[in-house]
Amino acid sequence: MRPMRVPFGPPEWRIGGVRFRAVAQPAVIGSRIGRRTIGPASSGTSRSSLTEDRSKMASIRCFLRSGKSAVSVVLRREFSKTSPAAVQVNVRDALNQAMDEELERDEKVFLLGEEVAQYDGAYKVSRGLWKKYGDKRIIDTPITEMGFAGIAVGAAFAGLRPICEFMTWNFSMQAIDQVINSAAKTYYMSAGAQPVPIVFRGPNGSSAGVAAQHSQCFAAWYGHCPGLKVVSPWNSEDARGLLKAAIRDNNPVVFLENELMYGVPFDLSEEVMHKDFVLPIGKAKVERQGTHITLVSHSRCVGFCLDAAAVLAKEGVECEHMDVVTLAVVNLRTIRPLDVETIEASVMKTGHLVTVEGGWPQYGVGAEICARIMEGPAFNYLDAPAVRVTGVDIPMPYAKILEDHSVPQIKDIIFTVKKVLNM
């Protein structure tokens, strides 16, 4: 839009009986602002208003000379600078950024798996990496998990740092011999001579509408095996910091993501967005402080625990939510090694424990946590038995209503907490 030239009327005022008149200056102002005039001062103008007029004229002359708009001048003069606000990043992009930064940092790192390259990944987690790093470092594989998992383990033996993506951890059952017998046990069997720096990653646990064969949680499966580190992130900070730590680790790491969390955004601080930000594997995080009960969980169920705690807080119950990573919530973050100390410290403070997980109950993550508490010093601080909230002990149904009843919901956590506290 063509700007129009708008003349400003020459203002005038008196100071100490002397009459002053400003020289009129044309101004170029966008047509959206319209005309702006400054009228002559009256004989009764006060000294304070004269000072205000001079300040306005100085501001006008300033932006006329600089060619900037009045808005930019006012904003610059009126508002102080603040620190950058948190950036919203969803879990998918946090994982993508972590792999991108580690691929750039270390030329030994590469990614392989089904559709990870030209298709940008089945869930778009590897979006843009193939175009940036090419065929040698972002490698599409055939649909043969046993084969490409074996290639990845062999590459780790040779000193590279592969990231092996399973389209879903349910398909890792095709490659479980490579994960357990080849990756997990070699460092021990070689007396420490042969490290295996490899990351196995992909979506874990129940999704939506994919029935029994694609809805299993493998946290307990792989957490059972010595030689592996097992990580289970919840939010974008977990995903970013833990994946970078896993790629840099010299041990095989099982990285359990959640498909339903990929598109969920979280605020990340400037510190978390730094390229050298990593989270320690084996350390849980207390997401919420409390005094009456401890909720321990990992992955997507951490969010459920926080929501349940918020509801209970309104009813007068303070809940301490822990995410343990690998991931445990408190935020467990990590399943193996398990941060028992953080859990014990919370239980000693609250006197009650509820574990929440999406997997099956028998021999599950919650069962292990309860056993550790029973065997350790925190047992003497319990005011009630520890209780588990888990998935139902059946193969996942396909029907939506049955599926919803087969995995933990917020209402299930609330019901259990009230039962434990005898409310």
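## Tyrosine 119

Tyrosine 119 is partly exposed, with a relative accessible area of 47% (under 20% counts as buried, over 50% as exposed and anything in between as partly exposed, using a 1.4 Å probe and protein chains only). You'll find tyrosine 119 in the loop between strand S6 (109-113) and helix H4 (129-133). Helices here are DSSP runs of H or I with at least four residues, strands are runs of E with at least two, and both are numbered from the N terminus. Tryptophan 130 sits eleven residues away from tyrosine 119 along the chain, and their C-alpha atoms are separated by 9.0 Å.

Before going on, a word about the model: it is predicted, so local features need pLDDT of at least 70 and side-chain atom pairs count only at pLDDT 80 or more, while totals for chains, interfaces and linings use all residues. Residues are numbered from 1 along each chain as its sequence is written, and side-chain values use heavy atoms, with hydrogens and water left out.

## The whole chain

Let's zoom out. The protein chain has 15 helices and 18 strands, and 48% of its 423 residues are buried. Now take the contacts (heavy atoms within 4.5 Å) between residues at least 6 apart in sequence: 77% of them join residues at least 24 apart.

## Serine 232

Is serine 232 buried or exposed? With 1% relative accessibility, serine 232 counts as buried. Serine 232 belongs to the loop that links strand S10 (229-231) to helix H9 (236-248).

The side chain of serine 232 also has a partner: it makes a polar contact with the side chain of histidine 298, at 2.9 Å. A polar contact is a pair of N or O atoms within 3.5 Å; within protein, one must be able to donate a hydrogen and the other to accept it, and residues adjacent in sequence count only if both atoms are side-chain atoms.

## H3 against H9

Helix H9 turns up again here. The axes of helix H3 (residues 91-105) and H9 come within 8 Å and cross at roughly 30°. Axes are lines fitted to C-alpha atoms, for helices over the stretch in contact, and angles run from 0 to 180 degrees between N-to-C directions. H3 and H9 are therefore roughly parallel (under 35 degrees is roughly parallel, over 145 roughly antiparallel, 65 to 115 roughly perpendicular and the rest oblique).

Residues making the contact include Leu95, Met99 and Arg105 of H3 and Ala239, Leu243 and Arg248 of H9. By class, the contact has eight nonpolar, two polar and six charged residues. Ala, Val, Leu, Ile, Met, Phe, Trp, Tyr, Cys and Pro count as nonpolar, Asp, Glu, Lys and Arg as charged, and the others, Gly among them, as polar.

Helix H5 (residues 145-157) packs with helix H6 (residues 176-184) at about 15°, their axes 9 Å apart, so H5 and H6 are roughly parallel. Their crossing is right-handed. Among the residues that meet are Met146, Val153 and Phe157 in H5 and Gln178 and Ala183 in H6. The contact counts five nonpolar, three polar and one charged residues.

How do H11 and H15 pack, and at what angle? Helix H11 (residues 301-314) and helix H15 (residues 410-420) pack at about 55°, with axes 9 Å apart, which makes H11 oblique to H15. The contact includes Phe304 and Val311 of H11 and Ile413 and Val417 of H15. Its residues divide into nine nonpolar, no polar and two charged.

Definitions and conventions
A crossing is left-handed if the near helix is turned anticlockwise from the far one by less than a right angle, and right-handed if clockwise.
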